[in-house]
Amino acid sequence: MLTKVKTAMLSGVAGYPVTVETDLHRGMPGFHIVGLADTTIKEASQRIKPAIMNCGYIFPSEKVTVNLVPAFKPKEGSHFDLPIAIGIMMLGEYVIEMENTGFLGEVSLDGRINEIRGALPLAIALRKSGIRNIVLPVGNAQEVSILEDINIIPVSHLKEAADHVLGKWRPDIYKRKEIKKMSRKAIPDFAQVVGQESVKRAIVIGAAGNHGMLMMGSPGCGKTMMARRIPGILPELSYEEKVEITGVYSVAGLLSRENPVIMERPFRNPHHTITQTGLIGGGTRPRPGEISLAHRGVLFLDELGEFDSRVIDAMRQPIEDGFVRINRNLEELVFPSKVMVVIAANPCKCGNLWDEKKICTCSRKQIESHMRKLMGPFADRIDMHIKVNPVSKEKLTEIRDSQKWEDSCSMSAKVQAARILQEKRYMGSGMRCNSELDEKRIKQHCQLGDEAQAMMLAAYERMGLSMRGYNKILKLARTIADLASCDNIGAEHVAEALMYRIDLGY
Ligand SMILES: Nc1ncnc2c1ncn2[C@@H]1O[C@H](COP(=O)(O)OP(=O)(O)O)[C@@H](O)[C@H]1O
Ligand SMILES: [Mg+2]
C-alpha cells in the first residue's frame with residue numbers, strides 16, 4: 001500500500017517540490033521517516049500519531065515508512081507534518097483528488113494546523129511544478145494569496161484537510177482580501193531638511209541608479225535625518241518585487257496577519273552591535289540577515305565606525321554580488337541582497353575633525369585607524385562617497401524667509417524618470433539599475449566621447465583608482481546622464497561622477 005502527497009521544501013529563499021511517499025508493510029509496528037530529513041521533520045512522528053488519532057482516524061498498527069523524494073536534498077521544517085499525516089491517513093482510502101493538490105502545514109497534537117515559515121516560496125515551488133490547489137494553514141492564506149493563479153484551501157484542523165481529500169468536505173472558495181497599503185506620508189519628507197542641496201542631489205543620483213552611498217560629516221549635520229527620508233523617493237515596488245521581498249520575510253518568519261505582504265520598500269537600520277550572523281544571515285537553522293531583509297530597499301548603517309571590523313568585511317561580497325551565500329554541510333543557501341547601502345560616519349572618533357569651530361580631541365593614530373576602518377576595501381565597493389558639511393548660518397536664516405527646500409515629491413519624480421530609462425534599456429536582462437552593470441555591460445552602455453574619456457584617464461592616474469573604482473565612476477556617470485535624459489555620457493556627467501570619489505583629505 002502506497003500513497004504519494006505533494007509538498008515542497010525550502011533552500012534559502014527558493015522552494016523545491018517534494019513528494020511524500022508513504023508505505024505500509026507487515027512487520028513490527030513502527031514509524032520511520034527517510035530522505036535526508038532533519039530533526040524538525042523526524043519529530044513529526046511524535047506529533048502526527050496523536051494528531052491523527054485525535055481526528056478520529058486510525059493510525060496503522062503496521063510498519064509505516066515515509067520517504068521524502070528527492071532524497072539527496074536535505075530537508076527541514078515543520079510544514080512537512082501535514083503532507084506526512086495526509087499520506088498516512090489516505091493509506092487504503094479511496095482518494096478523490098490528490099494529483100493536483102499540494103499540502104503545507106504544521107500539526108499540533110490535537111490536530112490543529114499551525115502557521116508555517118516560508119509559505120510563499122513553498123507555494124511558488126508547487127505552482128511551478130504544475131500544482132493548482134494548495135491546502136495550507138489559515139494564517140498563511142493571505143500571504144500566499146498574492147499569487148493569483150492558484151486555489152487556496154485554508155484549513156485550521158487536520159480533519160478538515162483529510163475530509164477535503166476524501167471529498168467529505170468542500171471548503172468555500174477563498175476570497176482574496178485587498179491588502180492595504182501603508183501611506184507614504186509615514187515616511188518623513190525631505191522638505192524638512194534645510195540646505196544640503198548638494199547632498200540631496202547626491203541622494204537623487206544614488207536613488208536613481210541604486211548606488212550605495214557613504215556620507216561622512218560632523219555629528220548633527222543631518223546624515224541620519226536625510227538617510228531616513230530616502231525610502232520616500234524610491235519608486236514603488238513592482239508586483240515581482242513584492243513577491244520577492246515577501247518571500248524573504250516569509251522565510252524569516254516576519255510576516256503577520258496585519259502585515260501579510262510587504263508592500264513598501266524595506267528600510268533596515270541595524271544597530272552597530274549587530275553580529276555577523278544577524279547582518280549577513282546564517283545560523284544553525286539559516287535565516288536571512290538584515291542585508292537580505294533590506295533586499296530591494298535601503299540598508300542604513302548609521303555610525304559605521306562603531307561596527308565590528310569583521311562584520312563590515314563580511315558585507316563586501318553580498319553588497320558586490322547582490323546575494324549572500326551560506327554554506328551548510330551539504331548544500332549552499334542563497335539569500336538575495338540587492339540593497340541600496342546608505343552609510344553614515346563621523347570623520348573621526350570624536351566627530352570634530354572637519355569642524356572648524358570645534359577642537360578634535362583624537363590622536364593622529366586614532367584618526368588614522370578610524371579612517372582605515374571606514375575607507376578600506378569595504379568603502380571601495382560603495383559607489384558614492386559624500387562629504388556632508390554643517391548647514392551654514394545664512395541657510396538657517398533663509399528658513400525664516402519661508403524658502404521652500406526641495407521636497408521628496410520633486411526628488412522622487414527625478415528618480416522615477418531615470419528609472420524608467422534604465423528599465424527600458426535593460427529590459428529582459430534581469431537587471432533594473434545602472435549599479436548592477438557588469439563589466440561587459442559597462443562596455444556596452446557606458447561609452448564615452450573623447451573629452452569624457454580623457455577626463456576619466458586623467459582621473460585614473462591622479463586618484464590612483466582601482467579598476468573597480470574606475471567602473472563605479474562609469475556607472476555613476478551613466479546614472480547622471482540618465483537624470484539629464486541624455487543617451488550619451490558627456491564630460492559634464494563624468495565630471496560630476498568624479499566628485500563622488502573625493503579625496504576625503506587624509
Ligand atoms: N539640514 C538640516 N535641516 C533641518 N534640521 C537639521 C538639519 N541637520 C540637522 N538637523 C537637526 O539636527 C538633528 C540631528 O541630525 P542628525 O541627522 O541626527 O545628524 P547626524 O546624523 O549627522 O549626526 C536632526 O534631528 C534635525 O532635527
Ligand atoms: Mg546620526
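This report walks through the domains of a predicted model, the contact between two of them, and some of the salt bridges.

## Domain layout

Let's start with the overall division. The protein chain splits into domain 1 (2-165), domain 2 (184-417) and domain 3 (437-506). Between domain 2 and domain 3, the C-alpha centres are 23 Å apart.

## Where domain 2 meets domain 3

At this interface, 22 residues of domain 2 are in contact with 15 residues of domain 3. The two domains bury about 1,700 Å² between them, and 57% of that lies on carbon and sulfur atoms. On the domain 2 side, the residues that lose the most area to domain 3 are Asp380, Asp383 and His385, which together make up 32% of what that side buries.

Polar links are here too: domain 2 and domain 3 share 10 residue pairs in polar contact. Helix 7 provides the largest share, with 6 residues. By type, the residues on this side divide into 12 nonpolar, 3 polar and 7 charged.

## A look at helix 21

Helix 21 (residues 491-499) has as its buried residues Ala491, His493, Val494, Glu496, Ala497 and Leu498. Among the elements covering them are helix 7, helix 19 (450-463) and helix 20 (467-483).

## Salt bridges across the structure

The whole structure holds 29 salt bridges, and 5 salt bridges are counted between domain 2 and domain 3. One to look up in your viewer joins the side chains of Glu76 and Arg285, at 3.5 Å from N to O. Glu76 sits in the loop between strand 4 (63-69) and helix 3 (81-89), and Arg285 in the loop between strand 12 (281-282) and strand 13 (287-288), so this pair ties together parts 209 residues apart in sequence. Glu76 counts as buried because its relative accessibility is 16%, whereas Arg285, at 31%, counts as partly exposed.

Another salt bridge pairs Asp482 with Arg425, with the closest N and O atoms 2.4 Å apart. Asp482 belongs to helix 20 and Arg425 to helix 17 (residues 408-425), so the pair connects parts 57 residues apart in sequence. Asp482 is buried, at 2% relative accessibility, while Arg425 is partly exposed at 25%.

Salt bridges with shared partners join Glu320, Asp380, Arg381, Arg468 and Arg501 into one network. Within this group, the side chains of Arg468 and Glu320 meet at 3.0 Å, N to O.

Methods: Residues are numbered from 1 along each chain as its sequence is written. Chains are lettered from A and ligands numbered from 1 in the order in which they are written. This is a predicted model: local features need pLDDT of at least 70, side-chain atom pairs count only at pLDDT 80 or more; totals for chains, interfaces and linings use all residues. Side-chain values use heavy atoms; hydrogens and water are left out. Domain bounds come from an automatic or database domain assignment. Contact means heavy atoms within 4.5 Å. Buried area is the accessible area (1.4 Å probe) that two parts lose on being put together, summed over both. A salt bridge is a side-chain nitrogen of Lys or Arg within 4 Å of a carboxyl oxygen of Asp or Glu. A polar contact is a pair of N or O atoms within 3.5 Å; within protein, one must be able to donate a hydrogen and the other to accept it, and residues adjacent in sequence count only if both atoms are side-chain atoms. Helices (H or I, at least four residues) and strands (E, at least two) are DSSP runs, numbered from the N terminus. Ala, Val, Leu, Ile, Met, Phe, Trp, Tyr, Cys and Pro count as nonpolar, Asp, Glu, Lys and Arg as charged, and the others, Gly among them, as polar. Buried means under 20% relative accessible area, exposed over 50%, partly exposed in between (1.4 Å probe, protein chains only).
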